[in-house]
Amino acid sequence: QVQLVESGGGLVQAGGSLRLSCAASGSIFSINAMGWYRQAPGKSRELVATITNGGSANYADSVKGRFTISRDNAKNTVYLQMNSLKPEDTAVYYCDAQVLTTWDTRDYWGQGTQVTVSS
C-alpha cells in the first residue's frame, strides 16, 4: 500500500507565496516522475508541473516563471513553491507519483489541498 499526503495549502492574497509538500510512504521500491495537478471549480484537472527522478522539470505555460517544482528523493517528497500567486491559481492541488512497488508500477494520487488566492 502506498499513500501520498499533501500539505501547505491555504488562503493567500494575490502576489503572495505558498509552498506545497507531498510525501509518499508505504511499500515503495522507487519513484519515477512526480508532479502537481490542479482542478478549479467547474474545470477539468490540469497539469501544473512534473519532475523526473533525475530532476528534469516541466511546467504549464500559465505557471512558468512563478512556480518551482523540486523533490527530495531520500524523503520521497515533492514540493511546489508558488510565488506571485494570482486569483486564477485558486484550485485544489493534487500530487501524483509514479511508484514502483514489488508487485507493479502505477500512479498514486494525494487527497488534494485547497489553495485560495484572494484579489
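**Close-up views of a predicted model**

**View 1. Tyr93 and its surroundings in the nonpolar core.** Leaving aside neighbours within four places in sequence, Tyr93 is in contact (heavy atoms within 4.5 Å) with Glu6, Leu20, Trp36, Tyr37, Arg38, Val48, Phe67, Leu80, Met82, Gly112, Thr113 and Val115. The model is predicted, so local features need pLDDT of at least 70 and side-chain atom pairs count only at pLDDT 80 or more, while totals for chains, interfaces and linings use all residues. Residues are numbered from 1 along each chain as its sequence is written, and side-chain values use heavy atoms, with hydrogens and water left out.

**View 2. The disulfide between Cys22 and Cys95.** A disulfide is a covalent bond between the sulfur atoms of two cysteines, and here the term is applied to a pair of cysteine sulfur atoms within 2.5 Å. A search of the whole structure finds one disulfide, which joins Cys22 to Cys95 with an S to S distance of 1.9 Å. The pair links distant parts of the chain, since Cys22 lies in strand E3 (residues 18-26) and Cys95 in strand E9 (residues 91-100), 73 residues apart. The torsion about the S-S bond of Cys22 and Cys95 is about 45°, so the disulfide is right-handed. Cys22 is buried (under 20% relative accessible area, with exposed meaning over 50% and partly exposed in between, for a 1.4 Å probe and protein chains only), with a value of 1%, and Cys95 is buried with a relative accessible area of 0%.

**View 3. The open sheet of four strands.** The strands follow the order E1-E3-E8-E7 with antiparallel pairing, and two strands count as paired if DSSP finds at least two bridges between them. Strand E1 (2-7) and strand E7 (67-72) stand at the edges, each with a single partner strand, so one side of each is left without a neighbour in the sheet. Six bridges join E1 to E3, and Gln3 stands opposite Ser25 in E3. Six bridges also join E3 to E8, where Ala23 has Thr77 as its bridge partner.

**View 4. The hairpin of E7 and E8.** These strands pair in the antiparallel sense over six bridges, and the bridge partner of Ser70 in E8 is Tyr79. Four residues lie between E7 and E8 in this hairpin, and Asn76 in the turn has a positive phi of about 50°. Five of the six residues of E8 are buried, so this strand is largely enclosed by the rest of the structure.

**View 5. Asp89 in the loop between E8 and E9.** Asp89 is buried, with a relative accessible area of 1%. Not counting residues up to four places away in sequence, Asp89 touches Arg38, Arg66, Phe67, Ser84, Val115 and Val117.

Methods:
Helix = DSSP H or I, 4+ residues; strand = E, 2+ residues; numbered from the N terminus. Core = buried A, V, L, I, M, F, W, Y, C linked by side-chain atoms within 4.5 Å.
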